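Please read them beside the sequence and the coordinates.

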Amino acid sequence: MKYKIVVKFLSLIVGIISFAMIFPWLLAVRCGTKDAHAFLWSLLLCAACAWIAFFYTKDAPASDLKTREAFACVTLAWIVASVFGSLPFLFSGCCRSFTDAFFETMSGFSTTGATIFKVVEPLPRSILLWRAETQWLGGMGIVVLAIAVSSILGGSVNNLFKAESPGPVLQKTAPTINAMSKSLWNVYMAVTVICFVLLKLGGMSVLDAVCHSFSAVSTGGFSTKTAGIAYYSSPYIEYVLSVVMFVCGINFSLHLAAFSKKSFKPYNDAECIFYVKIVLFAIAAIIFFLMKDAGCKTFSSALRQAVFQVTSIITTTGFATADFDKWPPVLVLVMFLLMLSGGCAGSTAGGIKCIRIKAVWQAVKVEIKKLVHPNAVIPVRMGEQAAENGFAASAAIFIVLYLLIFTAAAFIICACEHDVRTSVGSVAATLSNIGPGFGDVGPSGNFAGLSRLSKWVCSSCMLLGRLELYTVLVLLSKDEWVK
């Protein structure tokens, strides 16, 4: 392990965090609130640490950034960002412990949206902006942002990009990774601006529109209101956010390709079509059972609830306009399965990802066909193309590992004397980067009541979920540290 290049990269990440703190600091100065000092000290401390680390490692060549160093850079980048990003919460007094501050910040950067704040309206406006900003930075990825804005790593960034990208495949849509990173961030920013304008037209204040557009595009879920989107009671806002969340649950490479070719053909993608089918099926099922068993009297009301909640949960955004934890059991099960599923690879959504679920499903169909035709050679197909050798097996292994980690984390939280519903719900909410779960951490609850150990377990689940398990697990392997 060549540590200097890792520290050099981390100095860039801390520098980006420092720069990002300027905006909430300016808002605090404008509002004349005391939290301006908290942000000033935070950004100065971040800037000083970044400068010292970079000065110490400035002679580290980019060629030192091999696969081993890349995994260390990516995992440590999210941990370091969450440590330094928690400073405003601590210095402002909004969080009384480092555990709570780290939890809230990791929840932001990982776009989970789980919170330890029981009521958010009393929080300073600058803190509300910082919470939303952490989500926006984490949505497309702070490592991808670092690649896009800096040339200090040269061309040796492929492994960094692959290690952070949310999905099992890397679709290259530009000549270089640096160019691709810039293009993806340009699309990301364009969708954010469109969302902001539409929310502002819907009657939101500037701060609310900024924060909710940051949350929706990053599929994060933090809100400036304790009641969330339900506070506005606006069908217009709910449908706008539903469309934005749905779009951001699709692979951003497809958006980039569609924009470049000025065609919708890139969306004729096997995973994208599978994602759309899941969304439509879930909406239809929820409408049916809401009208049948939940006492929803009108189709328009059922449609509004179903569309918003399905797009919010499958994209792992976590916005809520209804307490789905109190829906009929069959609908709670539907929401739980959507939590595990997640959106498309290459999107800002979390979860297992639709491409893995489809690959395993196709593999099951192939195995059934082989029982009937034992001598046939039948490939696993993803749309019109055959999947790469071993892709379905790799997807199945990921799902099994995901469920094992899910079970272990839920067991630890349950051992901390939390009930089973809350334990399972908190892990589902954090490992899939959703936000609300079930029980005490449901849509009408929060994570403040969890024990300290449970919060650290949930924080670890957020990191594991955001980096797709393997990136973090590689860092824990002794082979990562031994020559």
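1. The lining of the second largest pocket comprises 15 nonpolar, 14 polar and four charged residues. Here Ala, Val, Leu, Ile, Met, Phe, Trp, Tyr, Cys and Pro count as nonpolar, Asp, Glu, Lys and Arg as charged, and the others, Gly among them, as polar.

2. This is a predicted model, in which local features need pLDDT of at least 70 and side-chain atom pairs pLDDT 80 or more, while totals for chains, interfaces and linings use all residues. Residues are numbered from 1 along each chain as its sequence is written, and side-chain values use heavy atoms, without hydrogens and water.

3. The second largest pocket holds about 490 Å³ of space. Among its 33 lining residues, Thr226, Ala227, Gly228, Pro443 and Gly445 are the closest to the centre. A pocket is an open set of points on a 1 Å grid where a 1.4 Å probe fits, with protein on both sides within 12 Å along at least five of seven lines; lining residues have an atom within 4 Å of a point.

4. Tryptophan 41 belongs to helix α3 and is exposed, at 58% relative accessible area (exposed is over 50%, buried under 20%, partly exposed in between, with a 1.4 Å probe and protein chains only). Helices are DSSP runs of H or I with at least four residues.

5. Serine 300 lies in helix α15, residues 299-314. Its relative accessible area is 49%, so serine 300 is classed as partly exposed.

Notes. Helices (H or I, at least four residues) and strands (E, at least two) are DSSP runs, numbered from the N terminus. Grid points are joined across faces, edges and corners, and a volume is the space filled by probe spheres set on the points.
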